[in-house]
Structure formats: C-alpha cells, structure tokens
Amino acid sequence: MLPWVVRRTRLPLLSLRCADCRSESATTGEGRFRVNANSKLLDVWLLVHCVSCDRTSKRIVHKRAPVRSFDPAEIHGYRVNDPELVASRLLDPLLARRNRFTLDWAGAWRLDTPPARLNEAPVQVKVVFEDPVPVRPERLIAQGLGLSRNDVLRRIECDIPLRRPTSAGFTFTVMAGD
Ligand SMILES: [Zn+2]
C-alpha cells in the first residue's frame with residue numbers, strides 16, 4: 001500500500017475579524033503566550049496579531065484553572081513559549097470553538113507522495129494526516145495522482161465521501177484507466 005502524508009509547512013492563520021481594521025485574518029506570528037498565575041489559579045492566553053494592522057488580541061487557553069491540575073512542565077512550556085505547545089493549542093478544535101475562530105490552512109500544508117505507477121492498477125493508497133488539515137479527498141487525490149476530477153470520480157474507489165472535507169486518515173484504490 002502506498003503511503004501519502006499530509007503535513008503542515010507552517011502554522012495556519014486564524015480567520016478572525018479584527019476589532020480595529022475589520023480584516024479577517026490573524027496570525028500567531030512567533031508564537032507567544034501570556035501567563036498570569038498566583039499560587040492557586042492560572043490564566044493563559046495565546047497572543048494573535050492582525051495581519052493587516054498588527055493589532056494584538058488574546059485568545060483564552062485557560063481561564064482561572066487550578067494550578068495543581070497542571071503538569072509543571074506544561075506551565076513551564078507556556079512561560080517559555082514552547083513552539084510545540086503553541087502549535088498544539090492553536091490546532092486544538094476546542095480552543096478554536098471557545099474563541100470563535102476557524103483555521104485558514106491555505107498555503108500552510110503539503111502532500112508528500114512516493115512515485116506511483118498507475119499502469120499497475122489497481123493501486124492502494126493510505127492517506128495519513130500528521131496535522132489536522134481539512135482536505136476534500138477528491139481534490140487531494142487529483143493533486144496527488146495528477147488526474148482530473150472526472151478521472152478521480154471514475155477511477156477511485158473509496159469508502160468515505162470524496163467531496164466532504166476530512167482530516168482523518170483514509171484509504172482508497174485507483175482502478176485501471178481505459
Ligand atoms: Zn487589524
């Protein structure tokens with residue numbers, strides 16, 4: 001089975017309306033948290049910047065959470081702006097929902113494919129997502145195989161809907177052409 005991998009090349013932007021300039025795009029930039037902690041309670045925000053006017057705003061990561069419920073390594077990660085922690089919080093669907101933004105993945109990911117010999121069809125392909133990039137299987141397959149969308153619909157057998165965006169792994173089979 002051929003492995004295909006979807007992975008991010010950078011962090012996605014946030015689709016989020018700026019309160020000043022009405023732009024609808026923001027970035028985490030270098031990736032910074034703001035941490036406010038006393039002995040008992042912890043507040044953490046992720047800082048984001050409008051891509052047009054650079055206005056900074058805060059997205060809630062933790063609000064008045066009991067300090068003792070955290071692994072000290074996690075709190076340290078917030079304090080030092082650990083890039084892995086920035087990525088995992090930004091990509092957390094719960095954080096996005098709570099803070100009313102969606103992720104804009106345009107230009108922020110790539111598809112890695114080993115060379116395929118389609119004349120040896122049927123060929124089975126397994127798609128793995130290293131990052132939760134929502135893709136339309138139909139488009140991803142067309143791109144990965146260099147086929148037209150019509151060819152994809154004609155030659156691909158897949159057990160998930162080809163038109164509905166997904167970021168969960170799936171497999172498909174390329175059938176012989178004419
Ligand atoms: Zn702005």
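This is a predicted model: local features need pLDDT of at least 70, side-chain atom pairs count only at pLDDT 80 or more; totals for chains, interfaces and linings use all residues.
Visitor: What coordinates the zinc ion?
Guide: Cys18, Cys21, Cys50 and Cys53, each through SG, at 2.3 to 2.4 Å.

Visitor: And how are the donor residues spaced in sequence?
Guide: The pattern is C-x2-C-x28-C-x2-C.

Visitor: Why is the arrangement tetrahedral?
Guide: Because the 4 donor atoms subtend angles of 101 to 116° around the zinc ion. The cut-off asks for all angles between 85 and 135 degrees.

Visitor: Is cysteine 50 buried or exposed?
Guide: Cysteine 50 is buried, at 5% relative accessible area. Cysteine 53 is partly exposed, at 36%.

Visitor: New topic. How many aromatic pairs does the structure hold?
Guide: There are 3. One of them joins tryptophan 4 and phenylalanine 172, edge-to-face, 5.3 Å centre to centre with 70° between the planes.

Visitor: Which parts does that pair tie together?
Guide: Strand β1, which holds tryptophan 4, and strand β11, which holds phenylalanine 172; the two parts are 168 residues apart in sequence. Both tryptophan 4 and phenylalanine 172 are buried.

Visitor: Which residues form the cluster of ring pairs?
Guide: Trp4, Phe170 and Phe172.

Visitor: Now serine 57. Where is it?
Guide: In strand β6, residues 56-66. Serine 57 counts as buried, at 16% relative accessibility.

Visitor: What does its side chain join?
Guide: The side chain of arginine 59, through a polar contact of 3.1 Å. Beyond neighbours within four places in sequence, serine 57 is in contact with Leu46, Leu47 and Val48.

Visitor: What lies over the face of tryptophan 45?
Guide: Lysine 58, at 4.2 Å from the ring centre.

Notes: Residues are numbered from 1 along each chain as its sequence is written. Side-chain values use heavy atoms; hydrogens and water are left out. Helices (H or I, at least four residues) and strands (E, at least two) are DSSP runs, numbered from the N terminus. Buried means under 20% relative accessible area, exposed over 50%, partly exposed in between (1.4 Å probe, protein chains only). A polar contact is a pair of N or O atoms within 3.5 Å; within protein, one must be able to donate a hydrogen and the other to accept it, and residues adjacent in sequence count only if both atoms are side-chain atoms. Contact means heavy atoms within 4.5 Å. Donors are N, O and S atoms within 2.8 Å of the metal (3.2 Å for Na, K and Ca); water is not among the atoms, so sites may look incomplete. Four donors count as tetrahedral if all angles lie between 85 and 135 degrees; four count as square planar and six as octahedral if opposite donors are over 155 degrees apart and all others between 65 and 115; anything else is irregular. Rings of Phe, Tyr and Trp (its six-membered ring) pair if their centres lie within 6.5 Å; planes under 30 degrees apart count as stacked, over 60 as edge-to-face and the rest as tilted. A charge sits over a ring if NZ of Lys or CZ of Arg is within 6 Å of the ring centre and within 35 degrees of the ring normal.
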